Amino acid sequence: QVQLVESGGGLVQAGGSLKLSCVASGRIFDINFMGWYRQAPGKQRELVAQISRGGTTNYAVFVKGRFTISRDNANVLTLQMDSLKPEDTAVYYCGAATPTIYWGQGTQVTVSS
């Protein structure tokens, strides 16, 4: 089992920045991939960025050049979000795959225009 706890969401104006963090506990050495996903009201959950155990990153087209994912030590995942847009407003979830997929509780990010 893996437990994930996100933090760092909030309200920010367009063009601003936020940093999300996710702390993993439990069987963290079984984790192959970790990533950030988001779900806006009325929409499906979508991938934002992911990072493999070896450090390979993958970003959704709509965040490339604005967001940076990183994994510190074995259990802290971060997402630096710059140049935020109103359309980035969503609940952001941390996910981990062992390959069983685990989710955090989510953190709200609201970008005002």
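1. Phe67 has Met81 as its bridge partner in β8. The strands concerned, β7 and β8, pair in the antiparallel sense, and six bridges hold that pairing. Note that this is a predicted model.

2. The pair belongs to a sheet. Four strands make up an open sheet in the order β1-β3-β8-β7, and the pairing is antiparallel. β1 and β7 are the edge strands, each pairing on one side only. From one strand to the next, the twist averages 15°.

3. Now the overall make-up. The protein chain has 11 strands and zero helices. Along the sequence the pattern reads β-β-β-β-β-β-β-β-β-β-β. The radius of gyration is 13 Å, close to the 13 Å that the globule rule gives for 113 residues, so the protein chain is as compact as a globular protein of that length. The C-alpha trace spans about 40 × 25 × 20 Å along its principal axes.

4. Burial and contacts come next. Of the 113 residues in the protein chain, 42% count as buried. Take the contacts with a separation of 6 or more: residues 24 or more positions apart account for 53% of them.

5. β9 runs antiparallel to β4, and seven bridges join the two. Within that pairing, Trp36 has Cys94 of β9 as its bridge partner.

6. Ala97 has Ile101 as its bridge partner in β10. A hairpin of three residues links β9 to β10.

7. Check the peptide bond in that region. Thr98 and Pro99 are joined by a cis peptide bond, with omega about 25°. Pro99 sits in the loop between β9 and β10, the latter covering residues 101-103. An omega of about 25° is worth a look in the viewer.

8. Which cysteines form the disulfide? The structure holds one disulfide. Cys22 and Cys94 form this link, and their sulfur atoms lie 2.1 Å apart. The link is left-handed, with -75° about the S-S bond. Cys22 lies in strand β3 and Cys94 in strand β9, so the pair ties together parts that are 72 residues apart in sequence. Is the pair buried or exposed? Both Cys22 and Cys94 are buried. Cys94 is also the bridge partner of Trp36.

9. The largest nonpolar core has 31 residues. Leu4, Met34, Trp36, Leu79, Met81 and Tyr92 touch the most other members. Two or more residues come from each of β1 (2-7), β3 (18-26), β4 (33-39), β5 (46-52), β7 (67-72), β8 (76-81), β9 (90-97) and β11 (107-112). Trp36 pairs with Cys94. Met81 pairs with Phe67.

10. Leaving out residues up to four places away in sequence, Leu79 touches Leu18, Lys19, Leu20, Trp36, Val48, Ala49, Phe67, Thr68, Ile69 and Tyr92. Two of these contacts, Trp36 and Tyr92, are themselves among the residues that touch the most other core members. Phe67, another contact of Leu79, is the bridge partner of Met81.

11. One backbone angle needs a remark. Ser83 has a phi near 50°, which is positive although the residue is not glycine. Where does Ser83 lie? Ser83 is in the loop between β8 and β9.

Key. Residues are numbered from 1 along each chain as its sequence is written. This is a predicted model: local features need pLDDT of at least 70, side-chain atom pairs count only at pLDDT 80 or more; totals for chains, interfaces and linings use all residues. Side-chain values use heavy atoms; hydrogens and water are left out. A nonpolar core is a set of buried Ala, Val, Leu, Ile, Met, Phe, Trp, Tyr and Cys residues joined through side-chain atoms within 4.5 Å. Buried means under 20% relative accessible area, exposed over 50%, partly exposed in between (1.4 Å probe, protein chains only). Contact means heavy atoms within 4.5 Å. Two strands pair if DSSP finds at least two bridges between them. A disulfide is a pair of cysteine sulfur atoms within 2.5 Å. Axes are lines fitted to C-alpha atoms, for helices over the stretch in contact, and angles run from 0 to 180 degrees between N-to-C directions. The radius of gyration is taken over C-alpha atoms; the globule rule is 2.2 Å times the number of residues to the power 0.38.
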